[in-house]
Amino acid sequence: ASQAEEKDLVIIGGGVAGYVAAIKAGQEGLKVACIEKRGALGGTCLNVGCIPSKSLLNNSHLYHQILHDTKNRGIEVGDVKLNLKDMMKAKDTSVTGLTKGIEFLFKKNGVEYIKGTGSFANEHEVKVALTDGGETSVRGKNILIATGSEATPFPGLEIDEKRVITSTGALSLDKVPEKMIVIGGGIIGLEMGSVWSRLGAKVTVVEFLNQIGGPGMDTEIAKQAQKLLKKQGMEFKLGTKVVSGESSGELVKLEVDSAKGGKPETLEADVVLVAIGRRPYTAGLGLENAGLEVDDRGRVVIDSEYRTKASHIRCIGDVTFGPMLAHKAEEEAVAAIEYIKKGYGHVNYGVIPSVMYTHPEVAWVGQNEQELKDKKIPYKIGTFPFSANSRAKTNLDTDGMVKMLADPETDRLLGCHIIGPNAGEMIAEATLALEYGASTEDIARTCHAHPTLAEAFKEAAMATYSKAIHF
Ligand code: FAD
Ligand code: NAD
């Protein structure tokens with residue numbers, strides 16, 4: 001018999017899914033250990049995802065605004081210069097502050113942090129190759145897999161994170177590329193493409209589909225987003241697939257083709273960002289030693305209570321089904337611990353917001369028009385443009401609109417799609433409304449402070465069953 005120490009719960013992976021589960025388990029009085037191999041907690045999101053990208057998005061936006069959008073505000077600026085090294089330093093400071101914060105929360109909640117790579121020895125035991133050398137092993141009454149995802153590589157293009165990069169390389173380039181080609185017009189391509197375009201690169205996005213934004217974005221909103229990003233200098237090649245690529249010397253060459261077939265074309269750039277999606281990460285995890293299965297897309301197979309084939313082993317976050325989003329991973333973490341501790345838990349997968357942090361931001365929750373059409377669900381629309389919103393006017397930031405989809409009979413909110421300033425904050429209100437089954441009339445009859453951007457949200461709701469006042 002193994003001498004390994006036994007815990008109530010062993011978590012493999014210290015990303016959002018794993019660390020939130022660990023803290024929640026500690027709060028619930030479970031004896032818990034969390035194994036993480038990257039040398040820092042917080043996973044993709046905190047180290048090479050959500051957090052560093054938002055730091056660069058925020059600061060590159062400020063830089064771009066100071067360069068191009070001050071004169072009409074009565075602000076005269078002198079010599080504006082980019083100090084890329086310091087911009088990266090600001091990003092690193094945000095990241096380190098947050099990852100260290102999680103270590104503190106681990107201590108506070110009695111979570112044991114094991115630094116190393118975990119793999120199943122068998123159904124109950126996880127071996128750990130320790131980061132500082134040596135090996136240990138832990139047994140778990142329960143085990144939670146939260147090993148996350150990695151960038152999907154493009155066949156034939158070797159990633160060196162300098163010329164051919166994933167989002168990770170795009171978060172730490174040491175100079176602004178002259179020409180950047182982004183393969184994939186999803187969220188990563190548009191967020192990271194925006195950063196480098198604002199800092200001075202000529203960015204071209206090549207997207208296989210006829211619409212940017214990745215899965216879920218409403219077509220009307222995606223069209224507006226593309227128009228506004230184009231105005232900022234980004235170029236788009238839609239309905240175009242990258243067939244092959246090669247990196248030689250200073251340049252990367254890509255062969256592209258119209259998605260419907262047609263004349264091939266060669267594109268060249270000094271940096272190519274591969275942003276064609278992410279895939280579940282289970283390499284070296286030894287799933288076979290615990291008899292666990294993955295599906296044809298590499299996702300660990302689970303039931304509605306996050307249980308794998310072995311009922312004491314659960315799995316959450318990017319490595320299993322559902323949208324690859326940090327807040328989805330966080331909801332699942334809390335629910336999984338509740339299942340373990342209390343026997344019940346819940347995540348409402350119909351009400352998970354999405355935000356693209358470009359400028360303007362794009363945010364949505366619930367169903368889009370295409371989805372409602374496909375399901376033959378009747379709907380009515382209410383819209384309100386930010387150009388008619390007083391706060392957006394005072395901010396000289398009026399691009400975009402709020403679009404609401406509601407049930408024609410009951411006014412029940414079915415979906416909300418926003419492109420505009422602070423859309424990512426405003427979508428929280430729509431999310432709450434949707435979760436509570438609110439009608440658009442409930443929203444429109446709720447007093448909203450003036451002057452705020454959120455009044456556009458209220459007026460779009462009003463427009464679904466009556467008329468907006470200010471448009
Ligand atoms: P991860 O965060 O990937 O964490 C898994 C962890 O497990 C990793 O740290 C890994 O090192 C560790 N691990 C793996 N295998 C082992 C092993 N065998 N032993 C020990 N440790 C192991 N989502 C949003 O909601 N909002 C955003 O703004 C956003 N921005 C993003 C920007 C970028 C550039 C990227 C790439 C992603 C972004 N995401 C965003 C997605 C978000 O990062 C993920 O959905 C989230 O990180 C998933 O959390 P997770 O814990 O499931 O996986
Ligand atoms: P994505 O799936 O959102 O977009 C990938 C895009 O690449 C798709 O539009 C697809 O049609 C296109 N594509 C695929 N192969 C192609 C080819 N050969 N040529 C041209 N285009 C091609 O994936 P992503 O943008 O890489 O993001 C990965 C994950 O990370 C997503 O699940 C996303 O939700 C998450 N993420 C979220 C945020 C956020 O919430 N703000 C930010 C970054 C990443």
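Let me start with a term: a polar contact is a pair of N or O atoms within 3.5 Å; within protein, one must be able to donate a hydrogen and the other to accept it, and residues adjacent in sequence count only if both atoms are side-chain atoms. Two housekeeping sentences, then. This is a predicted model, where local features need pLDDT of at least 70 and side-chain atom pairs count only at pLDDT 80 or more, while totals for chains, interfaces and linings use all residues. Residues are numbered from 1 along each chain as its sequence is written, chains are lettered from A and ligands numbered from 1 in the order in which they are written, and side-chain values use heavy atoms, with hydrogens and water left out.

So, who touches ligand 2? An oxygen atom of ligand 2 sits 3.3 Å from a polar backbone atom of Ile-187, and an oxygen atom is also 2.9 Å from one of Gly-277. A nitrogen atom of the ligand is 3.4 Å from a polar backbone atom of Val-242. On its own, ligand 2 has 850 Å² of accessible area (Shrake-Rupley method, 1.4 Å probe), and the protein covers 79% of that.

Which of its residues are buried, meaning under 20% relative accessible area with a 1.4 Å probe, protein chains only? Among them are Leu-84, Lys-91 and Phe-106. Thanks, everyone!

Methods: Buried means under 20% relative accessible area, exposed over 50%, partly exposed in between (1.4 Å probe, protein chains only). Helices (H or I, at least four residues) and strands (E, at least two) are DSSP runs, numbered from the N terminus.
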